[in-house]
Amino acid sequence: MTAFAVRHGGSRQLAGTGILLRFALRRDRLMIPVWIAVNALMVLSMPGTLEGLYGTPAERAGLVRQMETNSSLRAMVGPVFGDSLGALTAWRVGIYAGALAAVLSLLVVVRHTRDEEESGRQELVASGTVGRRASLTAALLAAAVANAVLALLVTAGLAGQGGTGALALGLGIAGAGMVFATAAAIVAQLTESARLARGLTAAVLGTAFVLRAAGDSATDDGASVLTWVSPLGWLENLRPYAGERWWVLALLAGAVVLQGAVAYALAGRRDLGMSFLPTRPGPASGRLGTASALAWRLQRGGLLGWSIGFLLAGVVYGGMTEGAADLVGDNDNARRIVERMGGQSGLTDAFLASMIGMLGLVAALWIVASVLRLHGEETSGRAEPVLANAVGRLRWAAGHLVIAFGGAALIMLLAGLGFAVGYGRQTGPVLAACLVQLPAVWVVGGVAVLLHGVLPRAAVAAWGVAGAVLLIGWVGPALDVPRAVLDVSPFGHLPKLPGGSMEWGPVAVLTGVAVLLVAGGLAGLRRRDMST
């Protein structure tokens, strides 16, 4: 990076980077620690969970043999390369930890590059003694700091399973995060919208996951060409705790350097606020003549992407139901964890309920992101010209909230249809199980509305709420945490469908809580001053 800066204008290109980095870390003092904590706890809790499930070498060897013939589970979590607790930990959570690191990285980079330009704040910053590439450098360094802390926590936490493997896994996860950080840096130069930059980078991540899944379903050793095309496939082929392939880290580092150089080159060839793929301007008439139509135009791309993702996830999870039931059927500990997540019904129904519950937890991320679109429109100043017309605040907010809450219903419905297609039976019960997740999803969305309406400066804390819910739902059952902890999450009160009995009381209460939270947020929005 230093050599590149010297070639393109010396230290002047990076003037002010340190100040911007401190400012970026201060702004993300809630989001970054929450994401790191969720990711690290997911990884570090896995050895104990696996030891409880497969306590003997014979049981772990049996798991490896079963995975070699189970292509559907390989598509979900990848091939397993060893039967030690460390190797099984890397197999079970490595890909997902890398994906979560990638999501955090792309959010951080886009937030401190294209978001700043789109809001106009970058123009004010650039009027001072700030180098042309200082903002991009600070954003990438902020992502690097987050990934470095995550790598340190993973390495230290798994050192008891073997320091070499722990270091490989930590560096692999951080490397995957930085690959997508630099990819986001490129996309941020190409697009004029932060929303589009996040969406396109997320699409790249989704494509990488699909390619890796397709490759792993075809082979049991990660040798497929499709697997090697994906950065997530590189992470699994690093093989922590199973004869580490250290040279794979060179692929991750090379991709980071190459993409970073492209991003720097693009940043030096465009004007501030401009992009290489500008949006098409046009009058707000016809289908864009109302606040609701504008909200739909702004959010339809994200909703389409989430809808496709949930439909495909339903098909994949539905298709692997029988194989997963066979895999855990002979293991009492695994059966108990699935039943804690999915209820005490038959194993197949409990597995379906647990997978549907996981998608419900992920849907909470959609509703937070969609609700906080209000916050982005307000802080960027784009809401002001809309509200200057004959549009009230509640009407303006309602357009976005209908999409947020209605979109949650749509993606869960599509997930249910995907499960029905993949599993091939129980269409009605599976659809009902997906839709019963909505009251809990809406409660999380209601918290976001309340924070935006009453405490707009703390609106980003809604991501912390969503992260805490994810942590409780994913890690809690595996660690057998007390019921009182599980009940902190609204998802802990939902009936376990399919297989369990429908309980309308908790559903009605959660729906009522969501309504009250939204009402409180809208009341606060109506009374407070608007941000600029």
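W306 is partly exposed, at 26% relative accessibility. Here buried means under 20% relative accessible area, exposed means over 50%, and partly exposed lies in between (1.4 Å probe, protein chains only). F310 is buried, with a relative accessible area of 4%. The model is a predicted one: local features need pLDDT of at least 70, side-chain atom pairs count only at pLDDT 80 or more, and totals for chains, interfaces and linings use all residues. Residues are numbered from 1 along each chain as its sequence is written, and side-chain values use heavy atoms, without hydrogens or water.

**Aromatic rings**

A pair of aromatic rings is described by the distance of the centres and the angle of the planes. Rings of Phe, Tyr and Trp (its six-membered ring) pair if their centres lie within 6.5 Å; planes under 30 degrees apart count as stacked, over 60 as edge-to-face and the rest as tilted. This rule gives four aromatic pairs. In one of them, the planes of W228 and W247 stand at 15° with the ring centres 5.8 Å apart, so this pair is stacked. The two residues are 19 apart and link distant parts of the chain: W228 is in helix α13 (residues 225–229), and W247 is in the loop between α14 (231–237) and α15 (248–267). Helices here are DSSP runs (H or I, at least four residues), numbered from the N terminus. W228 is partly exposed, at 24%.

W306 and F310 make a tilted pair, with 6.0 Å from centre to centre and 40° between the planes. Both sit in helix α16 (residues 291–319); they are four residues apart, so about one helical turn separates them. Together with W366 they form one aromatic cluster.

**Charges over rings**

| Charged residue | Ring | Distance to ring centre |
|---|---|---|
| R212 | F209 | 4.7 Å |
| R239 | F81 | 4.0 Å |

R239 lies in the loop between α14 and α15. R239 is buried, at 17% relative accessibility. Its phi is positive, about 55°, although R239 is not a glycine. Y241 lies in the loop between α14 and α15 too. Y241 has a positive phi of about 65° and is not a glycine. Y241 is buried, at 14%.

**A cavity**

A cavity is a set of points on a 1 Å grid over the protein atoms alone where a 1.4 Å probe fits but cannot get out; lining residues have an atom within 4 Å of a point. The whole structure holds five cavities of 30 Å³ or more. Helix α7 (85–111) and α14 each supply at least two lining residues. The largest share, five residues, comes from α7. Eleven lining residues are nonpolar, two polar and two charged.

Helix α11 (residues 163–190) has 28 residues and reaches 41 Å from its first C-alpha to its last, close to the expected 40 Å. The expected span is 1.5 Å times one less than the number of residues. In α11, 23 of the 28 residues are buried. L359 lies in helix α19 (residues 347–379) and is buried, at 6%. L359 and I411 are 52 residues apart in sequence, with 9.5 Å between their C-alpha atoms.

Conventions
Lys NZ or Arg CZ within 6 Å of the ring centre and 35° of its normal. 1 Å grid on protein atoms, 1.4 Å probe; cavity = no way out; pocket = protein on both sides within 12 Å on 5 of 7 lines; lining within 4 Å. Points joined across faces, edges and corners; volume = space filled by probe spheres on them. Nonpolar A, V, L, I, M, F, W, Y, C, P; charged D, E, K, R; others polar.
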